[in-house]
Amino acid sequence: MWRLLCVSLALLICVKVCGRSPLNPRIVSGKDAPEGSWPWVVSLNYDNGEHFCGGSLINNEWVLTAAHCVEGEDMSKLHAHLGKRTQQGANTHEIIVKVIDIKMHPSFNSVTVDNDIALLRLSSTVTFNDYIRPVCLATQNSVFAIETTCWITGWGDTGDTGDKPLPSPGPLQETTVRVKPQSTCAQRCTFAFNSNMICAGTSSGGHGEGDSGGPVVNRLCSLWVQSGVKSRILGCALPDLLGVYTRVSEYQQWIKGEIKQNLPGFVFFNPPDQCSPASQGSPSCHGRCNEKHNAGFFCNCNADCNKNCCSDYKKQCDE
């Protein structure tokens with residue numbers, strides 16, 4: 001009984017820490033991400049300073065990334081850059097930590113890109129601040145409905161087909177994509193698309209700004225929850241420029257089994273499809289937390305609740 005209580009308290013502490021970005025009060029994505037907006041984003045570099053993949057900080061000593069990013073890599077040459085905004089020039093809040101362990105999913109298949117997920121252990125624990133914080137992870141059975149908006153970030157190439165290098169100083173990029181039917185990616189990709197993957201994109205592009213291994217996140221009230229890891233776009237056809245993302249919720253048990261202690265914060269994601277009756281045509285915001293945006297009811301669960309919302313809703317979201 002006491003052990004169960006301790007575990008429950010530990011999980012509550014994790015959730016209170018993860019997924020919070022004090023410097024990111026908005027919902028509308030831009031191109032250049034303001035400093036500190038995505039404090040869990042990690043730049044993976046070789047020891048010569050070359051950026052090669054993205055990742056996400058999930059507690060104070062582990063980074064989540066894609067398996068194909070680290071397959072065959074010499075661990076002694078890998079470093080994680082946290083609190084970084086630009087690839088060139090000074091980064092006031094940046095810290096650099098060596099990678100001392102790589103745990104690739106044992107069933108990763110580089111041909112089918114199935115199970116494209118890996119964990120990196122850092123050589124020392126990091127101290128959290130407004131610029132370096134962990135993201136929450138989606139629990140098993142989380143639901144990401146069709147057309148759910150997701151945010152992707154990274155220092156990858158831009159342009160409609162992702163082939164335009166970032167201009168100096170190479171600032172962190174942000175954009176949104178929407179979840180698409182699994183069948184859409186299954187029809188357009190040459191590899192076998194399955195339930196371990198999320199299909200997302202936009203009709204005008206949107207995958208280029210992210211990095212391989214970088215996080216795909218969703219807003220759940222005052223928390224940011226990682227739903228996916230950017231995998232590959234190889235084999236996917238134009239014109240919709242769809243991206244394939246590893247579905248994080250399918251790997252909760254594997255992640256917990258590898259990390260074992262000081263577990264990341266896991267959060268169940270499944271906002272309702274519409275606004276509650278309490279918010280329909282009512283000036284009160286009570287009961288709106290976790291709801292999807294609906295123009296007819298004027299309620300949404302996003303950053304605007306902290307700016308344009310009734311005090312009771314704001315209090316509910318902050319809790």
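A disulfide is a pair of cysteine sulfur atoms within 2.5 Å, and the structure described here holds 3 of them. This is a predicted model, in which local features need pLDDT of at least 70 and side-chain atom pairs count only at pLDDT 80 or more, while totals for chains, interfaces and linings use all residues. Residues are numbered from 1 along each chain as its sequence is written, and side-chain values use heavy atoms, with hydrogens and water left out.

**Disulfides**

- C185 and C199 are joined with an S to S distance of 2.1 Å, and the link is right-handed, with 80 degrees about the S-S bond. C185 lies in helix α3 (residues 182–188) and C199 in strand β10 (residues 197–201), so the bond ties together parts 14 residues apart in sequence; helices (H or I, at least four residues) and strands (E, at least two) are DSSP runs, numbered from the N terminus.
- C185 counts as buried at 0% relative accessibility, and C199 is likewise buried, at 0% relative accessible area; buried means under 20% relative accessible area, exposed over 50%, and partly exposed in between (1.4 Å probe, protein chains only).
- The sulfur atoms of C53 and C69 are 2.1 Å apart. The torsion about their S-S bond is about -80 degrees, so this disulfide is left-handed. It links distant parts of the chain, with C53 in strand β2 (residues 51–57) and C69 in helix α2 (residues 67–70), 16 residues apart.
- C18 is joined to C136 at an S to S distance of 1.9 Å. This pair links distant parts of the chain, 118 residues apart: C18 is in the loop between α1 (2–17) and β1 (41–46), and C136 is in strand β7.

**Helix α4**

- In helix α4 (residues 252–259), the buried residues are Q252, W254, I255 and I259. They cover an arc of only 165 degrees around the axis, which puts them on the same side of α4; the arc is that of the directions from the helix axis to the C-beta atoms.
- Among the elements that cover these buried residues are β3 (62–65), β5 (95–104) and β14 (266–267), where contact means heavy atoms within 4.5 Å.
- K260 follows α4 and has a positive phi, near 70 degrees.

**Cavities**

- On a 1 Å grid over the protein atoms alone, a cavity is a set of points where a 1.4 Å probe fits but cannot get out; lining residues have an atom within 4 Å of a point.
- The largest cavity is lined by 13 residues, of which G36, W38, G83, K84 and Y131 lie nearest its centre.

Conventions: 1 Å grid on protein atoms, 1.4 Å probe; cavity = no way out; pocket = protein on both sides within 12 Å on 5 of 7 lines; lining within 4 Å.
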